Amino acid sequence: MDIRTTIQNVFQSLEKNNFAVLGFADEPMWEAPIVGVSAGNDSYYDFIKEHIGPFHWSPSEVFALKYEDVPAADRLRVVSMIFPQTEKTRAMQQKAKVFPCDRWLVSRGEWEPLMEEFSGKLVAELEAQSYRCVSVDLQPEFSRETSPDLGIASKWSHRHAAFAAGLGTFGLSDGFISEKGKAIRITSMVIEADLEPTDRKGRGPYDWCLYAFNGSCGACIKRCPVHAIDEKGHDKAACSAYEDEACDAYWPAHIERGTYIFGCGLCQSSVPCQNRRPVPDDAETVPTKEQEE
């Protein structure tokens, strides 16, 4: 069976992809994933170690977390999967000003349990087809680190893997802009398989961000309630501090906080790149400061 078909079949089988927490068990949290592939010996992974820090895993290092016998890097592939938010979630999130809407809050908070189900089933299906594979999200060693140059980081960047797989580019806010926009979440796995890598087509890291690419737009700057985004990019420390404060101030009483990981996500909504790759004409629809006032 084709690996992409297996991914979609596993997605369709998920029991946790719904808003049962909010009383809407028939409503999906996420749309079907879009899939891209990069080679385990892609030089971009060498760049990531230099750019983020030496703690960032290479595909071979990810594979070694599970298997003692690690093949040559050119026999490994990184499969990146992007899950878009649903249209209803995006529409509700557009109205949020200082705190995410209920659906956004829950879809982020339920992401880890969902990925445990999705990745567990996917690995089992692929292993049944005789593939050796490692889901990054299932590895207990997967954790946060501090980059000397970039601040908050982790041992593996799903976003950078998605760029390597030709699925899009980064935005001014650090969000990843895919063909389905940046109201998304990403996972990835390393597999020993003969898969054709997705062509990046010479794409630069910010080519799909209207502001970073040509100085237009800047909608995500206006969406941030604490000005953690400006012309220079994203202030991760200010963003993280606001998220802690916002949870204390605005967490809704009808949603149990539990172990939820929080993500504000305001900069991923009500922007031209919310649900698709933007085009230059989109910048004309972004209100100026005068129009907003």
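Rings of Phe, Tyr and Trp (its six-membered ring) are taken as a pair if their centres lie within 6.5 Å, and the pair is called stacked when the planes are under 30 degrees apart, edge-to-face when they are over 60 and tilted for the rest. One aromatic cluster consists of Tyr44, Phe47, Phe163, Phe170, Phe176 and Tyr206. The structure is a predicted model, in which local features need pLDDT of at least 70 and side-chain atom pairs count only at pLDDT 80 or more, while totals for chains, interfaces and linings use all residues. Residues are numbered from 1 along each chain as its sequence is written, and side-chain values use heavy atoms, with hydrogens and water left out.

The count of aromatic pairs comes to 17. One of them joins Trp57 and Phe142, with 6.2 Å centre to centre and 40° between the planes, and is tilted. Trp57 lies in the loop between helix H2 (44-51) and helix H3 (59-64), and Phe142 in the loop between strand S3 (133-135) and strand S4 (144-147), so the pair ties together parts that are 85 residues apart in sequence. Helices (H or I, at least four residues) and strands (E, at least two) are DSSP runs, numbered from the N terminus. Trp57 is buried, with a relative accessible area of 9%, whereas Phe142 is partly exposed at 24%. Here buried means under 20% relative accessible area, exposed over 50%, and partly exposed in between (1.4 Å probe, protein chains only). The rings of Phe163 and Phe170 have centres 5.8 Å apart and planes at 35°, so this pair is tilted. Phe163 is buried, at 5% relative accessibility, and Phe170 is buried as well, at 6%.

A nonpolar core is a set of buried Ala, Val, Leu, Ile, Met, Phe, Trp, Tyr and Cys residues joined through side-chain atoms within 4.5 Å. The largest such core has 39 residues, of which Val79, Met81 and Phe118 touch the most other members. Two or more residues come from each of helix H1 (3-13), strand S1 (34-39), strand S2 (76-84), helix H5 (102-109), helix H6 (111-128), strand S8 (184-192) and helix H10 (236-250). The most is given by H6, with seven residues. A second, separate core has 27 residues, including Phe63, Val78, Phe163 and Ala164.

Contacts (heavy atoms within 4.5 Å) were listed for several residues, leaving aside neighbours within four places in sequence. Those of Met81 include Ile7, Pro33, Phe118, Leu122, Arg185 and Met189. Phe99 lies in the loop between helix H4 (87-94) and H5 and is buried, with a relative accessible area of 10%. Among the contacts of Phe99 are Leu105, Ala246, Tyr250, Trp251 and Phe262. The C-alpha atoms of Phe99 and Ala249 are 9.4 Å apart, although 150 residues separate them along the chain. Cys133 lies in strand S3 and counts as buried, at 0% relative accessibility. The contacts of Cys133 include Phe63, Lys66, Tyr67, Val123 and Met189.

Two cavities of 30 Å³ or more are present. On a 1 Å grid over the protein atoms alone, a cavity is a set of points where a 1.4 Å probe fits but cannot get out, and lining residues have an atom within 4 Å of a point. Grid points are joined across faces, edges and corners, and a volume is the space filled by probe spheres set on the points. The largest cavity has a volume of about 120 Å³. Of its 16 lining residues, Cys209, Leu210, Cys217, Cys220 and Cys273 are the closest to the centre. Helix H8 (210-214) and helix H9 (219-223) each give two or more residues to this lining. By class, the lining of the largest cavity has 13 nonpolar, two polar and one charged residues; Ala, Val, Leu, Ile, Met, Phe, Trp, Tyr, Cys and Pro count as nonpolar, Asp, Glu, Lys and Arg as charged, and the others, Gly among them, as polar.

The second largest cavity has a volume of about 40 Å³. The residues lining it are Met81, Ser119, Leu122, Val123, Ser135, Thr187, Ser188 and Met189. Four of these are nonpolar, four polar and none charged.

Asp174 lies in the loop between strand S6 (168-170) and strand S7 (176-178) and is partly exposed, with a relative accessible area of 22%. Lys201 is found in the loop between S8 and H8 and is exposed, at 63%.

Definitions and conventions:
1 Å grid on protein atoms, 1.4 Å probe; cavity = no way out; pocket = protein on both sides within 12 Å on 5 of 7 lines; lining within 4 Å.
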